[in-house]
Amino acid sequence: MPTFWTRRSPLAWALLPLSWLFCGVVKLRRLAYRRGWLKFYQSPIPLIIIGNITVGGTGKTPFVIALAKYFINQGIKPAIISRGYGGKIKKEPQLVDKYSDPKIVGDETVLMAQYLNCPIVACPIRKYAVEFIIKNHECDIILSDDGLQHYALQRNIEIVLIGEQGLGNGFCLPAGMLRESANRLKTVDFILHKNQDFILKAQHLKNLVSQDIFEIDQLAGKTVHAIAGIGNPQSFFQQLQTLGAQIIPHSFPDHYYFKKEDICFNDDLPVVMTEKDAVKCQMIATSRHWYMPVETDLPMDFLISLQRKLAMFKPFLDILVCPICKGKLHYQKQPHELICPACRLAYPIVDEIPKLLETEARRLSLEEYDQLK
Ligand SMILES: [Zn+2]
């Protein structure tokens, strides 16, 4: 990542006219889809985009894994679509499993498949991926890994993740790291900052060959080679240094495909890499190679408001519960309310958002109550 992206240096200023052009084109495309000049595709089931407004790493893969797990735990069936970054798919959608070749479907999709038991489909044309899922799988919601700027695909909810570099110098590509104007953030549903709203936690190191575990608190004072072919290699190096390791850093481009000489060195030091890189090094690793799995917890307030935004879609309505008795709520079309028969209350739905507060609820008349039975 060029250093001038973080500051408004003379070079950044010099490139600014190109950035206006770049931003202008993205803006025009968005407008063209919104106005209907270009035809977009609407998924028949709700679709959430988990995307970036900047280039570089934002912890998106662990975030998507955590969100999919959350839905699965709620009894909702998610499916994931991805472009298959770093892979070789052209048009034909491919179902990914943990044994898929990252060279073909991309490293991130294979990593997700190692964690999740849900359909994961890689295809650069996202519409084809959605159609493939609808045709072949039973699912309630689609999570799009990236694709915020893929305006050909209509979305119900937009979640934007921001990495530790923030928005850099605030300029669009190529003078800065923004993929579209920062104003765009005003129109998205959620903005979450890595390391603030959600934290990537490492549990341990895992050996690529033996699957042995090495506790991370034992890293302190140890010298290791650190390998990272991710959006922001520095974040991985810093994470190891925070744990007290002395590192010899080796950074590679995002989605880099490793050769044996890239990860083997002429010494006895352990080699530590990210989980995403480990997916691609399985065949060339030795017992000296370790990777660091990371996990993240999603903030509760985010999950609650996400659930409210989804409440108007089947089957999300069915999982809403009364805040008082925790019993199931029933949707009533006329008037647009959610009913708790046990508490004899009706919760209003304002702007498609259920107001699940006792103070906002209406007491059902006896007549209404009788009709429920
Ligand atoms: Zn109740």
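## Helix α2

The model is a predicted one.

Buried positions in α2 are Lys60, Thr61, Pro62, Phe63, Val64, Ile65, Leu67, Ala68 and Phe71. After the helix comes Gly75, which has a positive phi, near 85°.

## The largest nonpolar core

In the predicted model, the largest nonpolar core contains 69 residues. Ile50, Val64, Val121 and Leu143 have the most contacts inside this core. Helix α2, which covers residues 60-73, contributes six residues to the core, the most of any element. Both domain 1 (3-193) and domain 2 (201-295) supply at least three residues each to this core.

What does Val121 touch, leaving aside residues up to four places away in sequence? Its partners are Ala79, Ile81, Pro93, Gln94, Leu95, Val96, Ala129, Phe132 and Ile133.

## The second core

A separate, second core has eleven residues. Among them are Cys322, Leu338, Ala346 and Ala361.

## Domains

The domain assignment divides the protein chain into domain 1 (3-193), domain 2 (201-295) and domain 3 (320-372). Between the C-alpha centres of domain 1 and domain 3 the distance is 36 Å.

Notes
Residues numbered from 1 in each chain as written. Predicted model: local features only at pLDDT ≥ 70, side-chain atom pairs only at ≥ 80, totals over all residues. Core = buried A, V, L, I, M, F, W, Y, C linked by C-beta atoms within 7 Å. Buried ≥ 20, exposed ≤ 12 C-beta atoms within 10 Å, placed from the backbone. Helix = DSSP H or I, 4+ residues; strand = E, 2+ residues; numbered from the N terminus. Domains from an automatic or database assignment. Contact = placed C-beta atoms within 7 Å.
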